Every structure is written in structure tokens, then in C-alpha cells.
Amino acid sequence: MAEKKEQASGLTYKGHPLRRVDNLIYYGTMAEKYIILMQVLDKKKVQDLDVATKVSVQLQLTDPDLKSRDRVIKKSEKESLYEAMDISAIWLERALAGKL
């Protein structure tokens with residue numbers, strides 16, 4: 001019988017994993033050269049939900065030997081999580097393809 005491949009649990013977006021820790025969202029995997037760090041800087045209440053109104057986006061190297069400030073390749077601020085995810089997907093795909 002053929003074995004089933006186990007899928008990694010958790011959310012993915014355009015083929016890359018998403019991990020959330022409080023107001024930080026990591027997009028990508030530490031096994032690759034680059035990862036995206038999104039930080040929710042501000043949010044507002046819409047009915048009973050918190051909606052991000054300011055999100056910092058950083059494309060970072062995953063090299064553990066570098067200082068945290070030296071890991072940042074690109075950074076930007078967006079006005080919604082949707083805009084942050086959109087630019088994150090573009091930056092990560094280009095970086096992993098070597099098109100920086």
C-alpha cells in the first residue's frame with residue numbers, strides 16, 4: 001500500500017507556513033534563507049473583532065549568526081493585514097528565487 005504524506009499542521013499562504021505569536025506573524029520557514037516578519041503595530045475594534053490598521057513588514061535573513069538588525073533586508077509599513085500579506089508573498093517569492 002502507498003503511504004500517505006502527512007501535511008504540516010497549521011496555516012499556509014501561497015505554499016509557505018504562517019505562524020503567529022501574539023502580535024507577530026512569521027511567514028516562511030527557518031529552513032530557507034529568508035523569512036518575513038510582520039508585526040501588528042496598531043488595531044481597531046470592528047464589531048467584536050480586532051482589525052489591524054498598521055502592520056510592519058520585514059524581509060529577513062534566517063542566519064542565526066547575524067545580529068537582528070543585520071538580518072533585515074527590506075522593510076515597510078502597511079495599513080492592513082491584507083496589504084502586508086500581499087507584499088510579503090511577493091518579497092518572499094522574489095528573495096527565495098534569488099531576484100532581490
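**Strands, pairs and exposed spots in a predicted model**

L49 sits in strand 5, which covers residues 49-61; strands here are DSSP runs of E at least two residues long, helices are runs of H or I of at least four residues, and both are numbered from the N terminus. The model is a predicted one, in which local features need pLDDT of at least 70 and side-chain atom pairs count only at pLDDT 80 or more, while totals for chains, interfaces and linings use all residues. Residue numbers run from 1 along each chain as its sequence is written, and side-chain values rest on heavy atoms, with hydrogens and water left out.

As for the overall layout, the protein has two helices and six strands, and along the sequence they come in the order β-β-β-β-β-α-β-α. Of the 100 residues, 28% are buried, where buried stands for under 20% relative accessible area, exposed for over 50%, and partly exposed for anything in between (1.4 Å probe, protein chains only). The protein exposes about 7,700 Å², with carbon and sulfur atoms supplying 49% of that; the areas come from the Shrake-Rupley method with a 1.4 Å probe, and for residues only the protein chains shown count as cover. Looking at contacts (heavy atoms within 4.5 Å), 39% of those between residues at least 6 apart in sequence join residues at least 24 apart.

Back to L49, which is exposed at 57% relative accessible area. Together with V46 and V51, L49 makes a nonpolar surface patch of about 240 Å². Patches are built from residues with over 30% relative accessible area and no salt bridge, with nonpolar side chains (Val, Leu, Ile, Met, Phe, Trp, Tyr) joined within 5 Å and like charges within 9 Å.

Salt bridges, for their part, need a side-chain nitrogen of Lys or Arg within 4 Å of a carboxyl oxygen of Asp or Glu, and the whole structure turns up two of them. One brings together the side chains of K45 and D50, at 3.5 Å from N to O. K45 is exposed at 57% relative accessibility, whereas D50 is partly exposed at 45%. The other joins E77 to K54, at 3.7 Å from N to O. This pair ties distant parts of the chain together, with E77 in strand 6 (residues 72-78) and K54 in strand 5, 23 residues apart. Both ends count as partly exposed, E77 at 47% and K54 at 37%.

T53 is another strand 5 residue, partly exposed with a relative accessible area of 26%. Setting aside residues up to four places away in sequence, T53 touches D42, K43, K44, K78 and E79. T53 and L81 are 28 residues apart in sequence, yet their C-alpha atoms are 7.6 Å apart in space.

On to T62, found in the loop between strand 5 and helix 1 (68-71). T62 is buried, at 12% relative accessible area. A polar atom of the T62 side chain lies 2.6 Å from the backbone oxygen of E32. Beyond neighbours within four places in sequence, T62 is in contact with T29, M30, E32, K33, Y34 and I35.

Then there are the aromatics. The structure holds one aromatic pair. Y13 and Y27 make it up, in a tilted arrangement with 6.0 Å between centres and 55 degrees between planes. For the record, rings of Phe, Tyr and Trp (its six-membered ring) pair if their centres lie within 6.5 Å; planes under 30 degrees apart are stacked, over 60 edge-to-face, and the rest tilted. The pair links distant parts of the chain, Y13 being in strand 1 (residues 12-13) and Y27 in strand 3 (residues 24-27), 14 residues apart. Y27 is buried at 0% relative accessible area, while Y13 is partly exposed at 26%.

Finally, a look at the backbone. Most residues other than glycine have a negative phi. K14, not a glycine, has a positive phi of about 50 degrees. K14 belongs to the loop between strand 1 and strand 2 (16-21) and is exposed at 58% relative accessibility. D22 also has a positive phi, about 55 degrees, without being a glycine. D22 lies in the loop between strand 2 and strand 3 and is exposed at 64% relative accessible area.

Methods
A polar contact is a pair of N or O atoms within 3.5 Å; within protein, one must be able to donate a hydrogen and the other to accept it, and residues adjacent in sequence count only if both atoms are side-chain atoms.
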